[in-house]
Amino acid sequence: MKTNTNYTDRLSILRASDHFRDWRTVDDERVCVLCDRQFTGREVVIATAGKEVHLHCPTHNCKSGVHQWVYPGNPLLSDATYQDWWQALGSSTHVLRGDGASGPSPQPI
């Protein structure tokens, strides 16, 4: 069941239910990694099932929860980083960096 909450209750619920990221205000923003929507704590869908509270992305039919939300500007959402992330796992001696320059591959310590 969807629940309506006031500012103080909503902030308390966000803080208690999201163990991955800090909520300072209900205006803090997150980005859903499943649907790519940016939203605030005011928009988060708060649902209850008995005494359990569940937080969901506000996008219609997106069922993501707090573990699938990141802070805006997360480097893992950068197009260059996303396209090149796999190269960090390669064994070649040189890789193409995000700036287009060639450089040595990361080596295990």
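Me: Why is Arg37 called partly exposed?
Reply: Arg37 has a relative accessible area of 28%. Buried means under 20%, exposed means over 50%, and partly exposed is what lies in between, using a 1.4 Å probe and protein chains only. So 28% puts Arg37 in the partly exposed class. Keep in mind that this is a predicted model, where local features need pLDDT of at least 70, side-chain atom pairs count only at pLDDT 80 or more, and totals for chains, interfaces and linings use all residues. Residues are numbered from 1 along each chain as its sequence is written, and side-chain values use heavy atoms, with hydrogens and water left out.

Me: What makes Arg37 and Glu43 a salt bridge?
Reply: Their closest N and O atoms are 2.9 Å apart. A salt bridge needs a side-chain nitrogen of Lys or Arg within 4 Å of a carboxyl oxygen of Asp or Glu, so this pair passes. Glu43 is partly exposed too, at 33% relative accessibility.

Me: How many salt bridges does a search of the whole structure find?
Reply: It finds 2. Arg42 also forms one with Asp27, and there the closest N and O atoms are 2.6 Å apart. That pair links distant parts of the chain: Arg42 is in the loop between strand S2 (38-40) and strand S3 (45-49), while Asp27 is in the loop between H1 and strand S1 (29-32), 15 residues apart. Helices (H or I, at least four residues) and strands (E, at least two) are DSSP runs, numbered from the N terminus.

Me: Why do Arg42 and Asp27 count as partly exposed?
Reply: Arg42 has a relative accessible area of 47%, and Asp27 has 42% relative accessibility. Neither value is under the buried limit or over the exposed one, so partly exposed it is.

Me: Are Cys57 and Cys62 buried or exposed?
Reply: Buried, because Cys57 has a relative accessible area of 3% and Cys62 comes in at 11%.

Me: What makes up the largest nonpolar core?
Reply: It has 14 residues, and those with the most contacts inside it are Val44, Leu55 and Trp69. Helix H1 (residues 7-17) gives the most to this core, with 3 residues. A nonpolar core is a set of buried Ala, Val, Leu, Ile, Met, Phe, Trp, Tyr and Cys residues joined through side-chain atoms within 4.5 Å.

Me: Which residues does Val44 touch?
Reply: Among them are Leu14, Phe39, Leu55, His56 and Trp69, not counting residues up to four places away in sequence. Contact means heavy atoms within 4.5 Å.

Me: Where is His56, and why is His56 called partly exposed?
Reply: His56 is in strand S4 (residues 52-56). Its relative accessibility is 26%, so His56 counts as partly exposed.

Me: Why do S2 and S5 count as edge strands?
Reply: The open sheet of 3 strands has the order S2-S1-S5, with antiparallel pairing. S2 and strand S5 (69-70) each have a single partner strand, so one side of each is left without a neighbour in the sheet.

Me: How do you know that S1 and S2 pair?
Reply: Two strands pair if DSSP finds at least two bridges between them. S1 and S2 have 3 bridges, in the antiparallel sense, so they pass.
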